[in-house]
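Q: Could you take me through the fold, the packing and the surface of this chain, with the cut-offs behind each term?

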Amino acid sequence: EPGDDEFVARLAQAAFSEYTLAAVSHTLSMVRELTTRVALRGTRRVGFIAVDVGRGETANLQAIAVVESERGRGVGRLLILEFERLAQHRGARRLSLSTADSNVAALDLFYKRGFVLERRRERFYPRGQDACILVKELRASA
């Protein structure tokens with residue numbers, strides 16, 4: 001939608017700049033190439049996801065961010081549900097994502113949605129933080 005790029009850029013700067021100096025350019029590149037959804041509360045943009053659903057067995061969540069004032073209000077949960085829906089629609093059987101091991105709020109959200117730790121990657125992010133690689137198996141639809 002018109003205005004989404006500006007919103008994504010502002011939120012990427014706020015949410016991802018501690019992990020990479022290229023937070024805005026990298027995120028804008030992703031959302032333009034991948035399946036992206038922007039969450040709204042009324043007419044106000046409050047979060048987004050960028051998903052690589054491809055055509056394989058695994059769908060990857062490349063980015064998720066929620067504006068600070070909306071955190072803890074269910075926006076992240078709804079974005080994860082949309083990720084799951086998109087993945088199932090494309091025939092994926094598994095979800096995958098990575099998040100900084102220091103991002104406790106994100107880890108809590110993902111664990112509550114049934115993701116489990118597959119492995120850790122040291123110094124995964126450009127600024128040196130370690131990452132947790134999380135996965136979730138999807139149930140076959142009836």
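Predicted model: local features only at pLDDT ≥ 70, side-chain atom pairs only at ≥ 80, totals over all residues.

A: Residues are numbered from 1 along each chain as its sequence is written, and side-chain values use heavy atoms, with hydrogens and water left out.

Q: Which pattern does the protein chain follow along the sequence?

A: Helices (H or I, at least four residues) and strands (E, at least two) are DSSP runs, numbered from the N terminus. Here there are 4 helices and 6 strands, arranged as α-α-β-β-β-α-β-α-β-β.

Q: Which residues touch the most other members of the largest nonpolar core?

A: Such a core joins buried Ala, Val, Leu, Ile, Met, Phe, Trp, Tyr and Cys residues through side-chain atoms within 4.5 Å, where buried means under 20% relative accessible area with a 1.4 Å probe, protein chains only. Among its 41 residues, these are Phe16, Phe48, Ile49, Leu61, Phe83, Phe110 and Phe115. The element α1 (4–16) is one of those giving two or more residues, and α1 gives the most, with 7 residues.

Q: What is Phe48 in contact with, leaving aside its neighbours within four places in sequence?

A: Contact means heavy atoms within 4.5 Å. The partners of Phe48 include Phe7, Leu11, Val31, Ile64 and Leu79.

Q: How much of the protein chain is buried?

A: Buried residues make up 42% of the 142 residues.

Key. Buried < 20%, exposed > 50% of the residue type's maximum accessible area, 1.4 Å probe, protein only.
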